[in-house]
Amino acid sequence: MEVPTMRAVRLTSWGDGARVVRVPVPEPQGNQLLLRVTAAGLCRSDLHVMDAPAGVFDYPLPFTLGHEVAGTVVAAGPEADKSWIGESVVVHGVWSCGQCRNCRRGRENYCFELGPREDGRLAAIGNGIGYDGGLADTMIVPSERCLVRTYGLAPESAAPLADAALTAYHAIRTNRDLVDADSVSVVVGVGGLGHIAVQVLRALGAGTIIAVDPRESSRDLARRLGADIAVSDIAEVAASRPGVARRHCADVVFDFVGAPDTMESAAQLLAPGGRLVTVGSAGGRLTVGKDVGLATGWQVTAPFWGTRADLEAVVDLANRGLLAVEATAYPLDNVLDVYSKLRRGEITGRAVVIP
């Protein structure tokens, strides 16, 4: 009997890019569920994984990329909850242990099993990040614990919620006490995550939202989505606010770039008690201390992804029309060309592949 096969975008060796190959269609075992993938988002994190030399990640090769995934449940393992069959879902890409103290606290994105190994290598996290992901025709998830119903959202809108929206929302939600009608929030980088952050801040009632991006098209997008002010450089932020002459003006800065120049400049914007929330990973470093010129009561955080409850929240925002992902759809067969566009910075918003 011939084994059915499907297309999959696989990483087969470190530092050598991805390939579109044919692999057997997986069969769900135990508590596993099988999804027919309806959309999968592309992310710069994919490029970091593909470009990494051997020894950085503790991921077995080969595996299928794709950690922003929407799909329909089409089959269930013998011990799985079969009531999920037929449901339209988005996948929570943090496949946590469910048992450590952080998981019991509902902080599964900080699961102890997902941290760095003793040798410094990074452990597999979930679909497309160490385990087979959704850049394929079908995909296996460990159990229903990794799924959130989307209630009719279009797949190309739902898929980016799994990372771009989830990561932005988690970063803001964990600093919710500084987001109010009087707050000054700065969003650095209006890309795949930053354009969603502007919308989340507006939905949560943020006072003044200032967007920073060197691209005119991104500044226009930020204004359209709810930013009060959009400037091309962090140095322009303080001057952009009438009556504010001092540099210490921001209650919270969300840096979705994380480059050396953005982190250093963003830290200087903090008002007393302000926070720098570093989400991007473009190689920035920051020296902190009580004697380096930072405002009193400064805090610096580096949040990671988000919880399943956060994913439910962003799905709810999207269903209520308060959050919309700027996405461009491409066929799966063109995925390698789209990765090249992403690498060159030619993608506005999010690129989504439709199998």
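This is a predicted model: local features need pLDDT of at least 70, side-chain atom pairs count only at pLDDT 80 or more; totals for chains, interfaces and linings use all residues.

**Entry 1: strands β1 and β2.** I began with β1 and β2, which pair in the antiparallel sense over 7 bridges. One facing pair I jotted down is Leu 11 and Ala 18, the latter in β2. Then I asked what sheet the two strands belong to. It is an open sheet of 3 strands in the order β2-β1-β5, with antiparallel pairing. β2 and β5 are the edge strands, since each pairs on one side only.

**Entry 2: helix α1.** Next I looked at α1, which runs over residues 44–51. Which of its residues are buried? I found Asp 46, Leu 47, Val 49 and Met 50. They sit on the same side of α1, because they cover an arc of only 165° around the axis. I also checked what lies over these buried residues: the cover includes strands β1, β2, β3, β4 and β5, plus helix α9.

**Entry 3: Glu 68.** I moved on to Glu 68, which lies in strand β6 (residues 68–76). Is Glu 68 buried or exposed? Its relative accessibility is 0%, so Glu 68 counts as buried. I wondered which side chain it meets there, and found a polar contact of 2.8 Å with the side chain of Arg 350. Leaving aside neighbours within four places in sequence, Glu 68 is also in contact with other residues, among them Ala 39, Leu 42, Pro 160 and Asp 163.

**Entry 4: strand β20.** Arg 350 took me to β20, which spans residues 350–354. This strand is mostly covered, with 4 of its 5 residues buried. I looked for its partners and noted two. With β3, β20 pairs in the antiparallel sense over 2 bridges. With β19 (residues 327–331), the pairing is parallel and runs over 5 bridges. Val 353 turned up on both sides of my notes: Ala 40 stands opposite Val 353, and Val 353 is the bridge partner of Tyr 330.

**Entry 5: the cores.** I reminded myself that in soluble globular proteins, nonpolar side chains tend to be buried together. How many residues does the largest nonpolar core have here? It has 94, and those with the most contacts inside it include Leu 42, Leu 135 and Tyr 339. Helix α4 (residues 164–173) gives this core its largest share, 7 residues. There is also a second, separate core of 21 residues, which includes Val 231, Cys 249, Ala 250 and Ala 267. Back to Leu 42: not counting residues up to four places away in sequence, Leu 42 touches Glu 68, Leu 135, Tyr 339, Arg 350 and Val 353, among others.

**Entry 6: Asp 137.** Last stop, a loop. Asp 137 is found between β10 (130–131) and β11 (138–141). What does its side chain make a polar contact with? The partner is the side chain of Arg 7, at 2.8 Å. Beyond residues up to four places away in sequence, Asp 137 touches several others, including Met 6, Leu 35, Val 37, Leu 332 and Pro 355.

How values were computed: Residues are numbered from 1 along each chain as its sequence is written. Side-chain values use heavy atoms; hydrogens and water are left out. Buried means under 20% relative accessible area, exposed over 50%, partly exposed in between (1.4 Å probe, protein chains only). The arc is that of the directions from the helix axis to the C-beta atoms. Contact means heavy atoms within 4.5 Å. Two strands pair if DSSP finds at least two bridges between them. A polar contact is a pair of N or O atoms within 3.5 Å; within protein, one must be able to donate a hydrogen and the other to accept it, and residues adjacent in sequence count only if both atoms are side-chain atoms. A nonpolar core is a set of buried Ala, Val, Leu, Ile, Met, Phe, Trp, Tyr and Cys residues joined through side-chain atoms within 4.5 Å.
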